[in-house]
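This report describes the fold, the overall dimensions and selected side-chain contacts of one protein chain. Please consult the sequence and the coordinates alongside the text.

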Amino acid sequence: MPLTCWDVMERGLTGKVDVFVDGEKVSRCIEADDEAGYVLCWQTDEQGNVVLGDDGYPKMVRLEGRVEIRIRDSVVRHT
């Protein structure tokens with residue numbers, strides 16, 4: 001099931017969603033799809049700051065693997 005940052009805001013889930021790729025928690029996610037097995041996140045530097053591209057917009061990174069989306073203490077989907 002795909003989940004975007006817009007879905008999270010619309011459903012009142014801000015701060016309640018954790019996303020994992022191959023068991024590792026990832027942050028600054030824009031979109032996650034546990035069925036397709038990918039996550040889109042803002043790219044960050046060593047200090048956790050968002051990296052900007054030459055065009056001034058944040059760079060994105062695509063992570064692929066076993067994606068798990070957790071809302072509160074329940075698992076939405078695990079593939």
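One helix and eight strands make up the secondary structure of the chain, arranged along the sequence as β-α-β-β-β-β-β-β-β. Helices (H or I, at least four residues) and strands (E, at least two) are DSSP runs, numbered from the N terminus. The model is predicted: local features need pLDDT of at least 70 and side-chain atom pairs count only at pLDDT 80 or more, whereas totals for chains, interfaces and linings use all residues. Residues are numbered from 1 along each chain as its sequence is written, and side-chain values use heavy atoms, with hydrogens and water left out.

Along the principal axes, the C-alpha atoms fill a box of roughly 40 × 25 × 20 Å. Of the 79 residues, 28% count as buried (under 20% relative accessible area; exposed is over 50% and partly exposed lies in between, with a 1.4 Å probe and protein chains only). The chain exposes about 5400 Å², of which carbon and sulfur atoms supply 47%, by the Shrake-Rupley method with a 1.4 Å probe. Among contacts (heavy atoms within 4.5 Å) with a separation of 6 or more, 47% join residues 24 or more positions apart.

K16 lies in the loop between helix 1 (5-10) and strand 2 (17-21). K16 counts as partly exposed because its relative accessibility is 32%. Leaving aside residues up to four places away in sequence, K16 touches R70, I71 and R72. The C-alpha atoms of K16 and T4, twelve residues apart along the chain, are separated by 13 Å.

A charge sits over a ring if NZ of Lys or CZ of Arg is within 6 Å of the ring centre and within 35 degrees of the ring normal.

| Arginine | Ring | Distance from ring centre |
|---|---|---|
| R62 | Y38 | 4.2 Å |
| R70 | F20 | 4.3 Å |

How many disulfides are there? The count comes to zero, a disulfide being a pair of cysteine sulfur atoms within 2.5 Å. For C5, the nearest cysteine sulfur is that of C29, 9.8 Å away; C5 counts as partly exposed, at 25% relative accessibility. For C41, the nearest cysteine sulfur is also that of C29, 3.3 Å away, and C41 counts as buried, at 3% relative accessibility.
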